[in-house]
Amino acid sequence: MFLVTGATGDLGRRLVRLLREREMPVRSFVRLNSRYAELENRGSEIFIGDLRRERDLHKACQGIQSIISAHGSGETSSDDAETLDYQANIDLIDQAKAARVQHFVFISVLGVDRGYEDAPVFKAKREVEKYLQASGLNYTILRPSGFASNLLPLAEQFRKTGAYVLIGDPLSRSSIVSTDDLAHLAIAAVSVEGAHNQTFPVGGPEILKREDIPHIFSLIFNREPFLLNPPLLALDGLRSAIGLFNPKLRSSLGTLRTLLANEFFTTPAETERLESTFNFKLETLETFLRRYLEV
Ligand SMILES: NC(=O)c1ccc[n+]([C@@H]2O[C@H](COP(=O)([O-])OP(=O)(O)OC[C@H]3O[C@@H](n4cnc5c(N)ncnc54)[C@H](OP(=O)(O)O)[C@@H]3O)[C@@H](O)[C@H]2O)c1
């Protein structure tokens, strides 16, 4: 049986959906207050708990063969990167070992190894990667770039107004990954031998400039884009102001700033390694969006 943490998240829902489509047994780790009816309806076992409580992690790991750690504190959440992205994963790895789990898939983040000092989520994930690699567990680490599903609300907004807000440099590059492809790879990592004890950067098949995104929307909706392009300095100003009354949120915004100020793309060689190891063709952003936007 699979255990999926973050099962109600963008990635987690897709993991559970895919596992159930393949009639594979899965236990979804969810909070009582989250929206998990869809997971239950698909036939997932539901485990109610809090990832910050070790006894919940202990119980959730019983009878599990594979874990996919897909939870997170989110880039701007005031929930602590330290408790959720770091400690909950460290405890989960310990409990996985104790329960003799056979494979642990960790969803990290692209660029985690670049030493961004101002990004608590990146620092937490890097430390978890090291802990997992030294744990003796059979593992796969996936380091995804930004998820295509993040763009769905922006696309819906664009459909209505034609407007697109692009913060920072329009020429900055990224290789946005299909969230469905990532779910497929995370599940396949357990059975593909070449993925065992390996770390993979995971991006989409194309390197896009930020300014390409409204143009893709424009193609899909057949509508001229109206671009708003505030400089990154605008976020810095906001961050300083927030810092005066909420230092914790200011620190969380450091991760968002890191994401906006840097480029996150996978090289053609990395994409080739991923596709050949998994014998899988990654889909483009446009293909992903068209499937969800029904155009
Ligand atoms: N989104 C991206 O572009 C991106 C890019 C690179 C890497 N990643 C990584 O990919 C993974 C999945 O990302 P995502 O955007 O789908 O999800 P996410 O926003 O990072 O995580 C949200 C999930 O974690 C759960 N969660 C939060 N606190 C919890 C707690 N105390 N106990 C139990 N569950 C808790 C949430 O449950 P509730 O429903 O109860 O809130 C939700 O299911 C994360 O590790 C993220 O860091 C994301």
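What share of the contacts in the protein between residues at least 6 apart in sequence join residues at least 24 apart? The share is 76%, where two residues are in contact if their C-beta atoms, placed from the backbone, lie within 7 Å.

The model is predicted: local features need pLDDT of at least 70, side-chain atom pairs count only at pLDDT 80 or more, and totals for chains, interfaces and linings use all residues. Residue numbers start from 1 along each chain as its sequence is written.

**View 1. Overall fold of the protein.** The protein has 12 helices and 11 strands; these are DSSP runs, numbered from the N terminus, with helices being H or I of at least four residues and strands E of at least two. The C-alpha trace spans about 55 × 45 × 40 Å along its principal axes. A compact globule of 295 residues would have a radius of gyration near 19 Å, and the protein agrees at 19 Å. That radius is taken over C-alpha atoms, and the globule rule is 2.2 Å times the number of residues to the power 0.38. Of the 295 residues, 42% count as buried. A residue is buried if 20 or more other C-beta atoms lie within 10 Å of its own, exposed if 12 or fewer, and partly exposed in between, with C-beta atoms placed from the backbone.

View 2. Helix 4 covers residues 81–98, and its 18 residues should span 26 Å at 1.5 Å a residue; the end C-alpha atoms are 24 Å apart, which agrees. The expected span is 1.5 Å times one less than the number of residues. A kink of about 30° is centred on glutamine 87, the bend at a residue being the angle between axes fitted to the seven residues ending there and the seven starting there. Residues buried in helix 4 include Ala81, Leu84, Asp85, Ala88, Leu92 and Gln95. An α-helix has 3.6 residues a turn, so residues three or four places apart point the same way. The cover over the buried residues of helix 4 includes strand 1 (2–5), helix 3 (54–60), strand 4 (66–69), strand 5 (103–107) and helix 5 (120–133).

**View 3. The loop between helix 4 and strand 5.** Arginine 100 lies in this loop and follows helix 4. Its phi is near 55°, a positive value in a residue other than glycine. Arginine 100 is exposed because 10 other C-beta atoms lie within 10 Å. Valine 101 is in the loop as well, but is buried, with 20 other C-beta atoms within 10 Å. Leaving aside neighbours within four places in sequence, valine 101 is in contact with Cys61, Ile64, Gln65, Ser66, Ile67, Ala96 and Leu137. Between valine 101 and serine 66 the C-alpha to C-alpha distance is 6.0 Å, at 35 residues apart in sequence.

**View 4. The shell around the ligand.** Around the ligand there are 24 residues, of which Thr8, Gly9, Ser34, His71 and Gly72 come nearest; a residue is near a molecule if its C-beta atom, placed from the backbone, lies within 6 Å of it. Helix 1 (residues 10–21) gives the most to the shell, with three residues. The shell holds nine nonpolar, 10 polar and five charged residues. Ala, Val, Leu, Ile, Met, Phe, Trp, Tyr, Cys and Pro count as nonpolar, Asp, Glu, Lys and Arg as charged, and the others, Gly among them, as polar.

**View 5. Valine 190 in helix 7.** Valine 190 belongs to helix 7 (residues 179–191) and counts as buried, with 20 C-beta neighbours inside 10 Å. Apart from neighbours within four places in sequence, its contacts are Ser66, His103 and Val105. Phenylalanine 2 is 188 residues away from valine 190 in sequence and 10.0 Å away in space, C-alpha to C-alpha.

View 6. Glutamate 23 sits in the loop between helix 1 and strand 2 (26–30). Phi of glutamate 23 is positive, near 55°, and the residue counts as exposed, with 7 C-beta neighbours inside 10 Å. Proline 153 is in helix 6 (residues 152–161) and is exposed, with 9 other C-beta atoms within 10 Å. Proline 153 and leucine 11 are 15 Å apart in space, C-alpha to C-alpha, and 142 residues apart in sequence.
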